[in-house]
Amino acid sequence: MKYISEFRDKRVASALASALATEVDPGRDYSLMEFCGGHTHAIFRYGVQDLLPPNVHLVHGPGCPVCVLPIGRLDMAVALADNPDTILCSYGDMLRVPGSRKRSLLKSRAQGRDIRMVYSCAEAIGIAQDNPDKEVVFFAIGFETTTPPTAVAIRQAEQLGLRNFSVFCNHVLTPSAIQSILDSPDVRKLGTVRVDGFIGPSHVSTIIGSRPYDFFAQEYQRPVVIAGFEPLDVLQAVRMLVRQLNEGRAEVENQFTRGVTHHGNLKAQALVAEVFELRRSFEWRGLGVVPYSGLRIKKKYAAFDAEARFPLVQQPAHENKACECGAILRGVKKPTDCRIFGNVCTPRNPIGSCMVSSEGACAAYYKYRRHGTPDDITQATDEIGATDAAAGG
Ligand code: SF4
């Protein structure tokens, strides 16, 4: 297939769903975790769950970079922006996430702080060049996909001799989070979350390759299928996982062969290794403190490390008591289990990060399902067909 519309084809989706239905064992359940929020949104947008047999369950994972950032780290960014000599640059979603004491970067900006929304780290470099009398800090978040561009920006800042640019680094690692889920009491002891296999993120895997997932398949006996973000990608990945489970296999398979290789992008990996090193531990919203799950800037680039340049301390912070983001990120609860979902907490008035982010599970539920669930295949495939038409497919 060549064009994106082909990955949204209604007839192929129906055929794939029918084939899957014949392969699923009616005598068992299949619980498959889609790690990435991008998959969660694709699943809801195209009604993928409704194309699956009722005993194939999709569990939403923690792969949303905005959602997993703990409030304490956001509070540090808010504190950074309090300095009148600082321009804080951030991706748009982060601006609206509520921090401690009902503060957010958006509210701080309304109170006069210089906080700018950027689409890339490179934009922050330009802002630093244009404002030599200000300290420009880029609030870096994200998984392995966004880490190489941050490394490029730091190298570029060094080459340009920029003295007023730094990065507040919050980059995190996918494999560590998957391991944390598999080691969690919810999965191992309590049985509150069942994960038979993983739909792995394709964008992350274009960088790290499929190799890092071999460990989970072998050590935890959980199959992983790396999948793209179109509805046919997800359907095919589910079918591949179902086949593995039926055959008692636990292997890493690559559905996204159009972008992912076993070893990944070696050049990007080398760049990341040049600029960043592992933190001993990093706190995640929902998962708690996860060993070796985050990156920090190496000492040789300390001049561009906001945590080395400014007196920043992460203080204990508390979630809003009503917010279930933590449990949702662990796959223990669904957004609709939160009693303020859709009434108090909405995208216009988000109480937790999962309602803010374009990859958050609560935002996906609100956007695509709050008025009810299409529960027959016709309705779901019609939705795919309508999207086809809109995409010119
Ligand atoms: S609906 Fe809002 S308050 Fe509830 S879990 Fe989601 S983000 Fe948190």
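Helix α9 (residues 174–183) is mostly covered in this predicted model, with eight of its 10 residues buried (under 20% relative accessible area; exposed is over 50% and partly exposed lies in between, with a 1.4 Å probe and protein chains only). The buried positions of α9 are Thr174, Pro175, Ser176, Ala177, Ile178, Ser180, Ile181 and Leu182. Helices (H or I, at least four residues) and strands (E, at least two) are DSSP runs, numbered from the N terminus. The model is predicted, and local features need pLDDT of at least 70, side-chain atom pairs count only at pLDDT 80 or more, and totals for chains, interfaces and linings use all residues. Residues are numbered from 1 along each chain as its sequence is written, and side-chain values use heavy atoms, with hydrogens and water left out.

An open sheet is formed by four strands in the order β4-β3-β5-β6, with parallel pairing (two strands pair if DSSP finds at least two bridges between them). The edges are taken by β4 (114–117) and β6 (165–171), each of which has a single partner strand, so one side of each is left without a neighbour in the sheet. On average, neighbouring strands of this sheet are turned by 20 degrees against each other, direction ignored. Axes are lines fitted to C-alpha atoms, for helices over the stretch in contact, and angles run from 0 to 180 degrees between N-to-C directions. Within the sheet, β3 (residues 86–90) and β5 (residues 135–142) pair in the parallel sense over four bridges, and leucine 88 stands opposite valine 137 in β5. Helix α7 (residues 121–130) packs on the sheet and touches β3, β4, β5 and β6, where contact means heavy atoms within 4.5 Å. The direction of α7 makes about 175 degrees with that of β5. Helix α8 (residues 147–160) also packs on the sheet, touching β5 and β6, and its direction makes about 160 degrees with that of β6.

Leucine 278 lies in strand β10 (residues 276–278) and counts as partly exposed because its relative accessibility is 41%. Apart from neighbours within four places in sequence, leucine 278 is in contact with Leu173, Tyr292, Gly294, Leu295 and Arg296.

Strand β11 (residues 281–284) has a covered face, made of Phe282 and Trp284, and an uncovered one, made of Ser281 and Glu283. β11 is joined by four bridges to strand β12 (residues 288–291), and the two run antiparallel. Glutamate 283 has valine 289 in β12 as its bridge partner. The hairpin of β11 and β12 has three residues between the strands, and glycine 286 there takes a positive phi near 90 degrees.

Two helix pairs were examined. Helix α2 (residues 37–45) packs against helix α18 (residues 361–369) at an angle of about 15 degrees, with the axes 9 Å apart. This makes α2 roughly parallel to α18 (angles under 35 degrees; over 145 counts as roughly antiparallel, 65 to 115 as roughly perpendicular and the rest as oblique). The crossing of α2 and α18 is right-handed, that is, the near helix is turned clockwise from the far one by less than a right angle, whereas anticlockwise is left-handed. Thr40, His41, Phe44 and Arg45 in α2 meet α18 residues including Ala361, Tyr365 and Arg369.

Helix α1 (residues 10–23) and helix α13 (residues 231–246) also pack at about 15 degrees, with axes 10 Å apart, and are therefore roughly parallel to each other. α1 passes α13 in a left-handed crossing.
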